[in-house]
Amino acid sequence: MPAQELTQEVKQNLVNLAMQAKDRSYSPYSKFRVGAALLTEDGTLFQGGNIENASFGATVCAERTTYCKAISEGHTKFVALAVSSDEENYISPCGICRQFISEFGPDDLPVLLSNTKGEFTETTIEGLLPFIFRLDH
Ligand SMILES: O=c1ccn([C@H]2C[C@H](O)[C@@H](CO)O2)c(=O)[nH]1
Ligand SMILES: [Zn+2]
């Protein structure tokens, strides 16, 4: 699915999937559930939640869970990412996730930041992480 086919309907569906992915968050420590959904170029959709650990630093964010699922299943071309939490306001990926996501590109990957109502604001990975540091740079 080329990026230009990223209609409002496709975006809203991705946001809804990110909201749904919170249900599988494992976050007994922070009780801060995060869900992400990722659309790949061939139209495959991946979902993931944050996975916490008693050793807090071992925690994996929802975004990286989702990317690891996709990449380990052979998908490396991405069209859009949505992120959702239980916060009233939009949340956006942490610094580690911004770096992790930017590895795969594209620089203008749409990142949809949603609130609990399913409303979202849109940015890009380059907007979240200017001057991306990557292998091909
Ligand atoms: O964009 C974000 C921000 C935070 N978290 C997770 C990490 C931790 O489990 C919890 C609180 O920071 O939320 C994510 O999954 N994604
Ligand atoms: Zn993160």
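**Zinc spacing.** I started with the zinc ion (ligand 2) and read off the spacing of its donor residues along the sequence: C-x32-C-x2-C. I'm working from a predicted model here, so everything below is computed from that.

**Who holds the zinc.** Next I looked up the donor atoms themselves. The zinc ion (ligand 2) is coordinated through SG atoms of Cys-61, Cys-94 and Cys-97, at 2.2 to 2.3 Å.

**Checking the record.** I then went to UniProt. The entry, an unreviewed one, has a "binding site" annotation that covers Cys-61, Cys-94 and Cys-97. These residues are spread over 37 residues of sequence, yet they cluster in space, with a largest C-alpha distance of 8.4 Å. From this set, Cys-61 and Cys-94 are in the lining of the largest pocket.

**Cys-61.** Where does Cys-61 sit? I found Cys-61 in the loop between strand 2 and helix 2 (62-72). Leaving out residues up to four places away in sequence, I listed what Cys-61 touches: Gly-49, Asn-50, Cys-94 and Cys-97. Two of those names, Cys-94 and Cys-97, I already had as zinc donors.

I wanted the accessibility of each. Cys-94 comes out at 31% relative accessibility, so I put it down as partly exposed. Cys-97 is at 0%, so Cys-97 counts as buried. The cut-off I needed for this is that buried means under 20% relative accessible area.

**Cys-97 neighbours.** Cys-97 is in helix 3. With residues up to four places away in sequence left out, Cys-97 touches Cys-61, Glu-63 and Arg-64.

**Ser-102.** I stayed on helix 3 (residues 95-102), where I also found Ser-102. Why does Ser-102 count as buried? Its relative accessibility is 0%, and therefore I logged Ser-102 as buried. I looked up its contacts too, skipping neighbours within four places in sequence: Ser-102 is in contact with Ile-125, Leu-129, Ile-132 and Arg-134.

**Helix 1.** Last stop was helix 1 (residues 8-21), which has 14 residues. From first C-alpha to last, helix 1 reaches 20 Å, close to the 20 Å expected at 1.5 Å a residue. Which residues of helix 1 are buried? I wrote down Lys-11, Leu-14, Val-15, Leu-17, Ala-18, Met-19 and Ala-21. Then I checked what covers them: the cover includes strand 1 (34-40), strand 2 (45-49), strand 3 (78-85), strand 4 (110-114) and strand 5 (120-124).

Key:
Residues numbered from 1 in each chain as written. Chains lettered and ligands numbered in written order. Predicted model: local features only at pLDDT ≥ 70, side-chain atom pairs only at ≥ 80, totals over all residues. Heavy atoms only, no water. Donors = N, O, S within 2.8 Å, 3.2 Å for Na, K, Ca; no water. Buried < 20%, exposed > 50% of the residue type's maximum accessible area, 1.4 Å probe, protein only. Helix = DSSP H or I, 4+ residues; strand = E, 2+ residues; numbered from the N terminus. Expected span 1.5 Å × (residues − 1). Contact = heavy atoms within 4.5 Å. UniProt positions renumbered as here; feature names shortened; annotations may be inferred. 1 Å grid on protein atoms, 1.4 Å probe; cavity = no way out; pocket = protein on both sides within 12 Å on 5 of 7 lines; lining within 4 Å.
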